[in-house]
Amino acid sequence: MLVDDQPLLVSGFAMILSTEDDIEVVGQARNGREAVDAMPALAPDVVLMDVQMPVLDGIEATRLVSDQTKVIILTTFDRDDYLFDALAAGASGFLLKNADPDDLVDAVRAVAHGHALLAPEVTSRVISRMTEGGSAGPTRHAAALDRLTAREKEVLQQVARGLSNAEIAAEMFVGDATVKTHVSNVLAKLHLRDRVQAVVFAYEAGVVSPTP
């Protein structure tokens with residue numbers, strides 16, 4: 001479902017996505033309230049959600065629907081408050097509207113398959129913001145880390161580096177299915193929603209360190 005109060009942009013997104021054999025645009029909404037109301041009937045797998053809209057903005061709408069669907073926040077505004085508010089509201093992805101069409105299509109596919117993503121432009125800012133607070137993070141997360149096996153900690157490190165399951169499998173000389181199982185175990189044991197939260201946790205816990 002496409003949610004944006006600018007008809008021209010919605011038409012453009014619909015045109016891009018409708019050319020893909022495995023993607024169907026099931027509906028459109030002009031504001032967050034329309035999106036929330038349309039959820040029961042449309043039941044979309046993924047929602048592309050604008051931030052600034054009348055009646056109900058995209059952040060609040062995401063908060064209301066994120067337990068029913070995957071949400072990718074799309075905005076022209078490269079602002080930290082939108083980014084962190086969107087992630088706190090349960091968004092699975094965050095892209096700027098100036099992204100390439102191919103990136104948009106890839107984002108929809110990735111989120112639909114349970115992955116989380118951030119635009120490359122904002123990933124470093126997420127890590128920077130979420131790891132503020134000095135040495136309290138590693139201490140706070142020590143007990144949670146103890147739940148992981150050595151192999152699961154290794155997978156968490158690789159996830160935090162931004163590697164896909166296939167790339168992790170190649171580095172660890174195991175099958176994709178094995179990596180998928182490890183990732184699922186990591187998320188479950190640490191009570192994390194998705195890979196974005198896993199990246200944040202890994203930096204907070206000191207499993208990996210920000211690049212100077």
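Phe 173 lies in the loop between α9 (165–172) and α10 (176–190). In this predicted model, Phe 173 has a positive phi of about 60°, although it is not a glycine. Phe 173 is also exposed, at a relative accessible area of 77%.

**Overall make-up**

- The protein has 11 helices and 6 strands.
- Of its 212 residues, 47% count as buried.
- The accessible surface comes to about 10700 Å². Carbon and sulfur atoms account for 52% of that surface.
- Contacts between residues at least 6 apart in sequence were sorted by separation: 62% of them join residues at least 24 apart.

**Loop residues with positive phi**

- Val 55 has a phi of about 70°, a positive value, and is not a glycine.
- Is Val 55 buried or exposed? Val 55 is exposed, because its relative accessible area is 68% and the cut-off for exposed is over 50%.
- Phe 173 counts as exposed for a like reason: its relative accessible area is 77%, and exposed means over 50%.

**Asp 50**

- Asp 50 is buried, since its relative accessible area is 5% and buried means under 20%.
- Which residues does Asp 50 touch, not counting those up to four places away in sequence? They are Val 3, Asp 4, Asp 5, Gly 58, Leu 74, Thr 75 and Lys 97.

- In β3, 5 of 5 residues are buried.
- Val 46, Leu 48 and Asp 50 point one way from the strand. Val 47 and Met 49 point the other way. Both sets are buried.
- β3 pairs with strand β1 (residues 2–3) in the parallel sense, over 2 bridges. Here Leu 2 stands opposite Leu 48.
- β3 also runs parallel to strand β4 (residues 70–75), joined by 5 bridges. Lys 70 in β4 is the bridge partner of Val 46.
- A right-handed β-α-β unit is made by β3, helix α3 (residues 58–65) and β4.

**Strand β4 and β5**

- β4 is mostly covered, with 5 of its 6 residues buried.
- β4 pairs with β5 in the parallel sense over 4 bridges.
- Ile 72 has Gly 93 in β5 as its bridge partner.

**Nonpolar cores**

- In soluble globular proteins, nonpolar side chains tend to be buried together.
- The largest nonpolar core holds 27 residues. Met 1, Val 3, Val 47, Met 49, Ile 73 and Phe 94 touch the most other members.
- Which elements give two or more residues to this core? They are α2 (32–42), β3, α3, β4, α4 (80–89) and β5 (93–96).
- The largest share, 6 residues, comes from α4.
- A second, separate core has 25 residues. Among them are Leu 163, Ile 168, Leu 192 and Val 207.

**Val 47**

- Val 47 is listed with the residues of the largest core that touch the most other members.
- Leaving aside neighbours within four places in sequence, Val 47 is in contact with Met 1, Val 3, Met 39, Thr 69, Lys 70, Val 71 and Ile 72.
- Met 1 and Val 3 are also listed with the residues that touch the most other core members.
- On β3, Val 47 points the way that Met 49 does, and Asp 50 points the other way.

Methods:
Residues numbered from 1 in each chain as written. Predicted model: local features only at pLDDT ≥ 70, side-chain atom pairs only at ≥ 80, totals over all residues. Heavy atoms only, no water. Buried < 20%, exposed > 50% of the residue type's maximum accessible area, 1.4 Å probe, protein only. Contact = heavy atoms within 4.5 Å. Pairing = 2+ DSSP bridges. Right-handed = clockwise from strand over helix to strand, strands pointing away. Core = buried A, V, L, I, M, F, W, Y, C linked by side-chain atoms within 4.5 Å. Areas by Shrake-Rupley, 256 points an atom, 1.4 Å probe, with all protein chains shown as cover.
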